[in-house]
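Here is a short report for a first look. It goes through the ligand sites, then the domains.

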Amino acid sequence: MLQPIRSLPVADLQQWLAKHHQPNFRAAQIMDWVYEKLAVSPEEMSNLPKELRQDLARDFDFCTTVPVETKRDDDDAVKWLLKLHDGNTIESVLIRAPGRTTACISTQVGCAVRCVFCATGRQGFVRNLSPAEIIDQVVVASREHGRRVGNVVVMGMGEPLYNFDHLNLALDTLCSPAGLGLSARQVTVSTSGIPQGIRRLADQHRPWNLAVSLHAPTDELRARLIPSRHRHRLADILAACEYYRSATNRMVTLEYVLIKDINDSLEQAAKLASIAKQIQAKVNLIPCNSPDGSFAPPERGDCERFLNVLVNRRVQATIRRRKGFAIQAACGQLRQQTDSPAVKPPEP
Ligand code: SAH
Ligand code: SF4
């Protein structure tokens, strides 16, 4: 496997250049191609000598997430099926709204948490993505956009906090001026609610936005929606959210997938409102996108009545607009390509 260029420290690139009898300034040129001009092949690097381009191609991987299928939904969303070096595939999405472009990226192939309404969860866990595989999804989306995307949401496949170290390295590169140069406030990490991971993220003291997928206002209902051992107690999750808010000074967002006749009653809305007030969180309601017809979104009017209960209790709340539904790029619809079996890594 070639060394991914976007997880190579500059000092190592300088050493490699010295070994290839190249002047030191080439490192800055290469980094400029990789992060500013978003190159995915040395062939694009027109100010480098041909021989150097060939040597670079021999030793480094310039795009660890190769698009094998691209689907476009009007002007709203673009979804890619991306192939990884071991044959596994992931999906990521570019979402366009007026004045706002967002890359929605994955952190794992599959997911161990297995929320019952989520297409990724149905696959189970296959493997963690490397830092470069996380970063390169933003590069693919930015190339489509013509320049670096304005926002990154870690809301694709997988539980990001179960791949903490790689996520952290990737976010550092995405948010470093020497990397893609996003500001931490333009990045949102969404988790199913792993208290220990939330606390670790808070301890990085970076103002990333945190979104926590609550789905239910009681532990009993949550147990139906997340029947795996990866579900944590609401009280522990909320305590971790408060820790995050005090460590970063950022308001946490609670994501709540609205499912008809399961978690959409007005009584449940009132309970959710008191939770949100308790931890001073915003609420983002996501009408369920059914993976196979077994979970349905409430009628539009019912979603709005649910929202009004929150708003009337002075909770900042919104209903998420559905983007990319026609190309299965909306929340909870991302999965590994179905006709290729998952490639499990060898047992350690
Ligand atoms: N694993 C992380 C991030 C990826 S899921 C998490 O769970 O937060 C991103 C968001 O998609 C979550 O808020 C999740 O609740 C939502 N989601 C999953 N399945 C969905 C579905 N079928 N319809 C609508 N939203 C869904
Ligand atoms: Fe995993 Fe998030 Fe899907 Fe749940 S909603 S199965 S945590 S990707």
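How do the residues of the shell around ligand 2 divide into nonpolar, polar and charged?

## Basis of the model

This is a predicted model, in which local features need pLDDT of at least 70 and side-chain atom pairs count only at pLDDT 80 or more, while totals for chains, interfaces and linings use all residues. Residues are numbered from 1 along each chain as its sequence is written, chains are lettered from A and ligands numbered from 1 in the order in which they are written, and side-chain values use heavy atoms, with hydrogens and water left out.

## Ligand 2

The shell around ligand 2 holds four nonpolar residues, three polar and one charged. Here Ala, Val, Leu, Ile, Met, Phe, Trp, Tyr, Cys and Pro count as nonpolar; Asp, Glu, Lys and Arg count as charged; the others, Gly among them, count as polar.

Cys-111, Cys-115 and Cys-118 are among these residues. A residue is near a molecule if one of its heavy atoms lies within 4 Å of it.

## Ligand 1

Ligand 1 has 19 residues around it. Phe-117, Gly-158, Ser-190, Ser-213 and Asn-289 come nearest.

Some atom pairs stand out. A nitrogen atom of ligand 1 is 2.8 Å from a backbone N or O atom of Phe-117. The side chain of Ser-190 has an N or O atom 2.6 Å from an oxygen atom of ligand 1. For Glu-255, a polar side-chain atom lies 3.2 Å from an oxygen atom of the ligand. On its own, ligand 1 has 520 Å² of accessible area, and the protein covers 96% of that. Accessible areas come from the Shrake-Rupley method with a 1.4 Å probe.

## Two domains

The protein is divided into domain 1 (3-61) and domain 2 (66-327). These bounds come from an automatic or database domain assignment. The C-alpha centres of the two domains lie 34 Å apart.

About 870 Å² is buried between them, and carbon and sulfur atoms give 66% of it. Buried area is the accessible area (1.4 Å probe) that two parts lose on being put together, summed over both. In domain 1, Arg-6, Tyr-35 and Leu-38 lose the most area to domain 2, together 69% of what that side buries.

Two salt bridges are counted between the domains. Each needs a side-chain nitrogen of Lys or Arg within 4 Å of a carboxyl oxygen of Asp or Glu. Arg-6 pairs with Asp-136 in a salt bridge, with the closest N and O atoms 3.0 Å apart.

Note on methods. A polar contact is a pair of N or O atoms within 3.5 Å; within protein, one must be able to donate a hydrogen and the other to accept it, and residues adjacent in sequence count only if both atoms are side-chain atoms.
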